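Reader: Please take me through this model by question and answer, giving the criteria behind each term.

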Amino acid sequence: MKILVPVKRVVDFNVKVRVKADGSGVDLANVKMSINPFDEIAVEEAVRLKEAGVASEVVAVSCGVAACQETLRSALAIGADRAILVECGELRDTELQPLAVAKLLKALSEREQPGLVVCGKQAIDDDANQTGQMLAALMGWPQATFASKVTIAADKTRVEVTREIDGGLETLALPLPAVVTTDLRLNEPRYATLPNIMKAKKKPLDVFKPADLGVDVAPRLVTLKVVEPPRRSAGVRVADVAQLVDRLKNEAKVL
Amino acid sequence: MTILVIAEHDNASLKAATLNTVTAAGRIGGDIRALVAGSGCGAAAAQAAKVSGIARVLCCDAPHYADHTAENLAALVADTVRAAAGGYSHVLLPGTSFGKNAAPRIAALLDVAQISDIVAAEAPDTFVRPIYAGNALATVRSADPVKVITVRSTAFGAAGSDGAAPVERLAPAADLGLAKLLGCELTQSTRPELSAAKIIVSGGRGLANGDNFHKLLEPLADRLGAALGASRAAVDAGFVPNDYQVGQTGKIVAPQLYIAVGISGAIQHLAGMKDSRIIVAINKDTEAPIFQVADYGLVGDLFELVPELEKAIG
């Protein structure tokens, strides 16, 4: 069984982003970019399934600028076998949107015929939380979002997924092929070792254009402006519990 | 304009976030209808009929909607939108795990973009939504004929209950037979729900273990009638279950009072609680970033301060 793992290149989670003064977006110049953390968890899960003998091949896919090759190399260093880049270089970051990416992934899924697609539940830049569900809809496949446990049945015809939902956990059984999106506690991704980083450089990486896949990636949403949220200013330090309770009662009036 | 609100419910009653979603629909303006799809969901539909602002309730009652799986629900909603005379201009869902799971599936079936987690509606086609863990707010305009939207419930008040809408039966779509619910492990609690609580006591890594978390924070929460929350660090360390998590990828909360105990304040945590009216931070690290957003900061040993606070409130 082949597993397809879509990965996104995003601003590193440790970076505090700055909104551009002209309101056109956030400043991405000279900012550290990394693989989206949820997608890294997805790669790790796929690689573990391969190591367990459940999956035969792990294919990482990224859609975006040419530099997404670095993101794919990160996935290959964790243990993916090969990579596909769909280069959409002419689009700015906010212009390549989840529906278009889902359509690109659909075209690739039809070519590659994976038994399972595992991707992050959301990207930490646009916080959209859409692509996996959209791909599942376009393929007519079942979906299990926010996964904290993934178990493939021995005959590889179905998957059981435990999902983190608002009230706790729920477990679904899905026939394969299916789309699973990862939550934080599914696994802890390994650190890529230097030998594996070197090996990753030699693994195959194919490049397509959206037109090669027959997909129209024109954006549906126009970003009119991006602003900083109202800033919360630091309040006061209180000396002790008595002062805190007094302030909460008499100043804030919340007790 | 006709807006379809997809109600989140447990068949017996509506989930609180549905009421905030109806308020958001009201801001967009137009004829608001609610779809209640479930199994034996008559009581939830009857409750929806009383929600202020709803003009009509569509009740779709069939066994294959019992578990609210996204596959069957999305197909039903897409069919309903396509079949409606005059059409729907908007489909709104709460930005909960239920809504986030189903909305993109609906949007893709309709071949339209989805607008996630809106915090304001500036025009029927223009919405404001947080990006980068709430460190930026984007205003986006959709050119699609149907706008599929999830609503951040903390940004909109709850709709009232003085409505009297008619309830219509909606014929079910075919059962796709794709996903099957095997079981649930829902956290049992007598405390208020996190996303609807007026006061939240939240704990982090500083509590050191699950025993301390419960021993220290539960009495304080009980005294205040508060919900209990946690940082990702506390959940990852196994102090409490996942549904306690407040943050960018957990629950987004905005209570009247948020008491952060032993939480350093990573940006991903702040993203989930910085719209709280009053924030109190108790932490031994005077440099902890949580103090930069706290209205009242108390530096010291939480193991002494929390019991003291509990007594002082009494």
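Reader: How many residues lie between strand 7 and strand 8 of chain A, and which residue in the turn has a positive phi?
Author: Strands 7 and 8 of chain A form a hairpin with 5 residues between them. This is a predicted model, in which local features need pLDDT of at least 70 and side-chain atom pairs count only at pLDDT 80 or more, while totals for chains, interfaces and linings use all residues. Residues are numbered from 1 along each chain as its sequence is written, and chains are lettered from A and ligands numbered from 1 in the order in which they are written. The turn residue with a positive phi, of about 55 degrees, is Lys156(A).

Reader: Over how many bridges do strand 7 and strand 8 of chain A pair, and which residue does Lys149(A) stand opposite?
Author: Strands (E, at least two residues) and helices (H or I, at least four) are DSSP runs numbered from the N terminus, and two strands pair if DSSP finds at least two bridges between them. Strand 7 (residues 143-152) and strand 8 of chain A pair in the antiparallel sense over 5 bridges. Within strand 8 of chain A, the residue opposite Lys149(A) is Thr162(A).

Reader: How is strand 8 of chain A joined to strand 9 of chain A, and over how many bridges do the two pair?
Author: A hairpin with 2 residues joins strand 8 to strand 9 of chain A. The pairing of strand 8 with strand 9 (residues 168-175) of chain A is antiparallel, and its bridges number 8.

Reader: How many residues of strand 8 of chain A are buried?
Author: A residue is buried if 20 or more other C-beta atoms, placed from the backbone, lie within 10 Å of its own, exposed if 12 or fewer, and partly exposed in between. Strand 8 (residues 158-165) of chain A is mostly covered, and its buried residues number 6 of 8.

Reader: Are helix 5 and helix 8 of chain B roughly parallel or roughly antiparallel?
Author: Axes are lines fitted to C-alpha atoms, for helices over the stretch in contact, with angles from 0 to 180 degrees between N-to-C directions. Angles under 35 degrees count as roughly parallel, over 145 as roughly antiparallel, 65 to 115 as roughly perpendicular and the rest as oblique. The axes of helix 5 (residues 210-224) and helix 8 (residues 302-313) of chain B come within 9 Å and cross at roughly 20 degrees. The two helices of chain B are therefore roughly parallel.

Reader: How many nonpolar residues has the contact of helix 5 with helix 8 of chain B?
Author: Residues are in contact if their C-beta atoms, placed from the backbone, lie within 7 Å; Ala, Val, Leu, Ile, Met, Phe, Trp, Tyr, Cys and Pro count as nonpolar, Asp, Glu, Lys and Arg as charged, and the others, Gly among them, as polar. Residues including Leu216(B) and Leu220(B) in helix 5 meet residues including Phe303(B) and Leu309(B) in helix 8 of chain B. By class, this contact of helix 5 with helix 8 of chain B has no polar residues, 2 charged and, as nonpolar, 8.

Reader: At what angle do helix 3 and helix 4 of chain A pack?
Author: Helix 3 (residues 98-112) and helix 4 (residues 131-139) of chain A have axes 8 Å apart. The two helices of chain A are oblique to each other, because their angle is about 50 degrees.

Conventions. Contact = placed C-beta atoms within 7 Å.
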